[in-house]
Amino acid sequence: MLLCLIMKNAYECILSTLLADLPGAIQPEDLEARITGIASDSRRVEPGCLFVAVRGSSFDGHRYIPDAVARGAAAVVGMEGGISLPVPYIQVSDSRMAIPYLAAAFYGHPGRKMFMIGVTGTDGKTTTCNLIYHILQAAGYRAGMISTVNAVIGDQVLDTGFHVTTPEAVDVQRYLAMMVEAGLTHAVLETTSHGWAQHRVDACEFDLAVITNITHEHLDEHGSYENYRNAKARLFLSLVETQPKPLGNLRVAVLNRDDASYPFLQDICSSLHGVSTLTYGAATGAAVSAEQVQYSPAGMSFRVRHSEKATLVTTGLVGSYNVANILAAYAATVGGLGIEPEAAQQGIQRLEGIPGRMERIDLGQDYLTFVDFAHTPNALRKTLETARQMTAGRLIVVFGSAGLRDRQKRRLMAQTAIALADLTIFTAEDPRTEALDDILAEMADGAKDQGGKESINFWRIADRGEALRKALAFARAGDVVLACGKGHEQSMCFGTIEYPWDDRTALRAALAEYLGVPGPQMPYLPTQG
C-alpha cells in the first residue's frame, strides 16, 4: 500500500509512515492521522500539518502547541512528557534532530533515489558546488543543486533567501523531492556548519563528500575551532548512514591535502567502514594536483594531474583559491564518479562566474572594480592576493564585520587588509543589534596593531554607500577596488530590520555617480545622512 502520495505537487502521508525511521520515538496509539505538511513555527501551521515543537536558546516551541492545534495541526512532536492533546502526540529526545527524518519520510526519501554529493568547508563551497554541477551536466547527467545562493532544479532557479546558510531541513527535502519529480539523478548540496549543527541536512543519504578547507569562522556559533571542525566532519560520518540505493553506494570522501583539516578528516575517514578517500592539492601525495598555472585578469589556465594523465583546463575564474576549488570538483567527478576528463574540461570552462564571487563591475572606468563574498580572514587574504596579481597599481578594499558573530575575526581581517592592501575602508556589514561604532573601533585597533595609520592608509566610514564612494574617489587608472563581505546577499541587517542591499547595485550606483553616466540609485541604509 502506498502511504506517501503526490497529488499535483501536494504531498500527503500517514503518520505511521513518518515515524517508521524515527529512532526512539514514543508513539501514540493513533497512527492513522493524515499529514499534509510539517512545520516548526506555529504561525505556519495549516490544517493537516505535523507541528514539531523545537526548543531554542531564546524560545520554547512547546509553549505554542495549543496555538498549533487550534490552527489545525493533525499531530504534534515534542520533547516533553505528560502532554495530553486532542491529536496524536509523539515524544522524542531531540525535536530538532527529528525534523530531517520526518521531512525525508514525508517527501518519500528523495535522497535514496538520487546520487547525493555534499560539499562543506569554510570558503569556496558555493563555487565548488557550481563546478561539480556544471561538470555533471557536461557529462550528460541530469543534475540539480542546492547552494546558499539558489536551488537549481531542472529549468527552475529558486532563491534560497537573504542571510541563509543551508536551507531548513523541510525545505532541503522538498527541493530534493522536486528534483526526483523532475527526473534528476544527481544532486549537489552545499552544506554549512550551521546546517550540520542544526541537523538541516541529516537524512540526505550522501554518497560523496567534499571538503574545501576549515579556517577561522563561526566560533561564536560553535564555541571553539574543534567544535566547528566536528560539525564539518558530520558530512563524512554520514556516508556510513546512507541506505542501499538502486544506483549503488560509492561512499567516497574528497579531502584537501593542503589544508590543516586533512589529518583530522583522514583519521575519521580511515575508520569508516566502506569509505574510500581521494585527495587533491599541491602537497606531495595528492591524487589530483595542478601544474603550469597561468593567471590573468580574464581567468586562468593550468593542467590537472590525475592518474598519470595531465588535462588542460581553462576558466574565467581567477585566483589560487579557485585552482583549489577546481581540483576539488575534478577529484569528485573524475576521480570519484569516473567522469571523463574531457567532460570536466567542458564543465569547468562553461562556468563563467558565481554571483558575488570576484564579480567584476564595469561601467567604463579605467580601473578594475569587483564585488566578492570574502568575509573570513582566510578568504580576504586570498582575495587580496588574487587582486594583487591583476594590477601594478594600488589595491583599495572596502569591508566590515558582522555584529553578533565571531568577534575575533574583526581584528584578524583588519590586520590582513593592512598587510596586503594599499588603502582600506572599514564600514557597515550587518551590525545587527551591536553598536556599529564599537565594531569599527575593534577593526581600527586591529589595523593599528599591524602598523596601519588612520586617515593615511585606513578609514572608518559607517555608511557603506559612502565608503564605496570614498574608495572610487581614491582610485586611479590601473588600480583595483574591492567591495568584500556581502557578495550575492540581498539585504543588510541593522537592529532586527533587514534593509534591501546589494553590493553590486551599490557599486554600480557609486560608479555611475562618479562617471556621470546613467545607473541605479544608491540603496538606502539607516546610516545615510
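This presentation walks through side-chain contacts in one predicted protein model.

Good morning. Because the model is predicted, local features need pLDDT of at least 70 and side-chain atom pairs count only at pLDDT 80 or more, while totals for chains, interfaces and linings use all residues. Residues are numbered from 1 along each chain as its sequence is written, and side-chain values use heavy atoms, with hydrogens and water left out.

Let me begin with the aromatic rings. Two rings of Phe, Tyr or Trp (for Trp, its six-membered ring) are a pair if their centres lie within 6.5 Å; planes under 30 degrees apart are stacked, over 60 edge-to-face, and the rest tilted. By this rule the model has 9 aromatic pairs. One of them joins W196 and F206, a tilted pair with 5.9 Å between centres and 50° between planes. W196 belongs to helix α6 (residues 193-197), whereas F206 sits in the loop between α6 and β13 (208-211), so the pair links distant parts of the chain, 10 residues apart. Helices here are DSSP runs of H or I with at least four residues, and strands are runs of E with at least two, numbered from the N terminus.

I turn now to charged side chains. A salt bridge is a side-chain nitrogen of Lys or Arg within 4 Å of a carboxyl oxygen of Asp or Glu. How many salt bridges does the structure hold? It holds 31 salt bridges.

Consider K486 and D430, whose side chains meet in a salt bridge at 2.7 Å, N to O. K486 lies in the loop between β24 (480-484) and β25 (491-494), and D430 in the loop between β22 (423-426) and α14, so this pair ties together parts that are 56 residues apart in sequence. K486 is buried, at 0% relative accessibility, and D430 is buried with a relative accessible area of 4%.

Next come R174 and D171, bridged at 3.1 Å, N to O. Both lie in helix α5 (residues 169-181), 3 residues apart, about one turn of the helix. R174 is partly exposed, with a relative accessible area of 30%, and D171 is partly exposed at 27% relative accessibility.

The salt bridge between D60 and R55 spans 3.4 Å, N to O. Here D60 is buried, with a relative accessible area of 18%, but R55 counts as partly exposed at 40% relative accessibility. Finally for this topic, R407, R410, E434 and E442 are linked in a network of salt bridges.

One polar contact deserves mention (a pair of N or O atoms within 3.5 Å; within protein, one must be able to donate a hydrogen and the other to accept it, and residues adjacent in sequence count only if both atoms are side-chain atoms). The side chain of N457 reaches the backbone nitrogen of K453 at 2.7 Å. N457 lies in the loop between α14 (436-449) and β23 (458-460), and N457 is buried, with a relative accessible area of 18%.

Thank you for your attention.

Definitions and conventions:
Buried < 20%, exposed > 50% of the residue type's maximum accessible area, 1.4 Å probe, protein only.
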